Amino acid sequence: YMPDCVISSSENAGEVLTYFLDNVAAVSGRPWDVFSVRSTLENSSIALANSDSERYRSITRNEGGCTLIPVIPYDEAMAAMKTKARQNLNRRRRKFDELGDVTYTIASSAADVASALQEYIELEAAGWKGGKGILRGPNKVPLAIALNPTKQRFYEQAVAEFAASGLIEIFCLRLNGELVAARIWAVLNDCCYALKTSYDERYDKYSPGTLTFDYAYRFHADRGDVRFINAIFKQPALAAWCPQTLHYRTDLYFNRNPRGRILGMLYPLMAALRK
């Protein structure tokens with residue numbers, strides 16, 4: 001979904017990208033006119049390589065951004081939060097605590113992650129994602145993991161492989177032992193990637209997803225092991241944590257053959273007409 005490449009810091013990224021484009025036809029056995037890199041982060045290696053590549057005509061199309069939250073000491077984060085937002089968070093936590101036995105847990109071992117993932121899948125299927133789908137071409141694709149066997153196998157395998165290396169955390173909020181909200185995060189280097197979130201809609205007024213995020217944020221803020229939480233896409237619900245925006249974009253590279261040159265000249269005009 002967000003493609004990238006790995007380029008040694010000792011190499012010239014633009015030259016590496018140029019070499020790749022020079023040879024992609026020979027390696028793939030297929031001629032090309034336009035090479036598209038879709039939805040890549042602005043600070044990715046391939047995006048930085050694009051800024052250094054001069055031989056191929058390129059066009060960058062900005063697509064949007066994802067919420068990026070700096071992780072600072074928890075007390076400082078609460079002080080930086082707007083007064084009303086902080087009061088709302090504390091009130092919802094207090095009201096939810098009054099409902100019964102409230103516990104927060106973290107699944108991080110491979111066995112605990114596997115168990116928590118199955119609970120997450122069941123919780124998600126019980127909510128609105130279990131009854132809706134999105135159109136992709138003529139077919140409607142279900143959103144809930146449990147309703148798509150291929151998607152479920154993918155998540156189970158991917159999460160298991162990351163968990164085996166200690167890179168997955170599932171933060172769970174429970175009421176009287178029953179799962180109310182869960183967040184699946186991948187921890188890579190100095191960043192937590194918020195992959196999936198689900199909650200029991202019966203408790204919507206308490207914002208259980210936000211309460212779980214608050215707990216997860218505090219967990220890492222106290223440990224001091226990460227610098228950022230990347231929410232993957234824009235999440236207005238996390239605006240209270242003073243987020244930054246990390247933009248993503250599509251880069252188009254036009255070949256130097258006749259069709260590539262023509263497309264490179266026509267694309268800006270076509271983009272302007274679409275607006």
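Reader: How many salt bridges does the structure hold?

Author: Happy to start there, keeping in mind that this is a predicted model. Side chains of opposite charge can pair when their charged atoms come close. The number of salt bridges in the structure is 13.

Reader: Asp200 forms a salt bridge with Arg202; is Arg202 buried or exposed?

Author: The closest N and O atoms of Asp200 and Arg202 are 2.7 Å apart. Asp200 has a relative accessible area of 10% and is therefore buried. Arg202 has a relative accessibility of 58%, and since the cut-off is over 50%, Arg202 counts as exposed.

Reader: And Asp251 with Arg249: are they buried or exposed?

Author: Their side chains meet in a salt bridge, at 3.2 Å from N to O. Both Asp251 and Arg249 are buried.

Reader: Now the helices: is H4 roughly parallel or roughly perpendicular to H7?

Author: The axes of H4 (residues 83–97) and H7 (residues 208–223) come within 10 Å and cross at roughly 105°. Angles of 65 to 115 degrees count as roughly perpendicular, so H4 relative to H7 is roughly perpendicular.

Reader: Which residues of H7 make the contact?

Author: On the H4 side, the contact is made by Leu89, Arg92, Arg93 and Phe96. By class, the contact has 3 nonpolar, 1 polar and 3 charged residues. From H7, the residues are Thr210, Leu211 and Asp214.

Conventions. Residues numbered from 1 in each chain as written. Predicted model: local features only at pLDDT ≥ 70, side-chain atom pairs only at ≥ 80, totals over all residues. Heavy atoms only, no water. Salt bridge = Lys/Arg side-chain N within 4 Å of Asp/Glu carboxyl O. Buried < 20%, exposed > 50% of the residue type's maximum accessible area, 1.4 Å probe, protein only. Axes fitted to C-alpha atoms, helices over the stretch in contact; angles between N-to-C directions. Helix = DSSP H or I, 4+ residues; strand = E, 2+ residues; numbered from the N terminus. Parallel < 35°, antiparallel > 145°, perpendicular 65-115°, else oblique. Contact = heavy atoms within 4.5 Å. Nonpolar A, V, L, I, M, F, W, Y, C, P; charged D, E, K, R; others polar.
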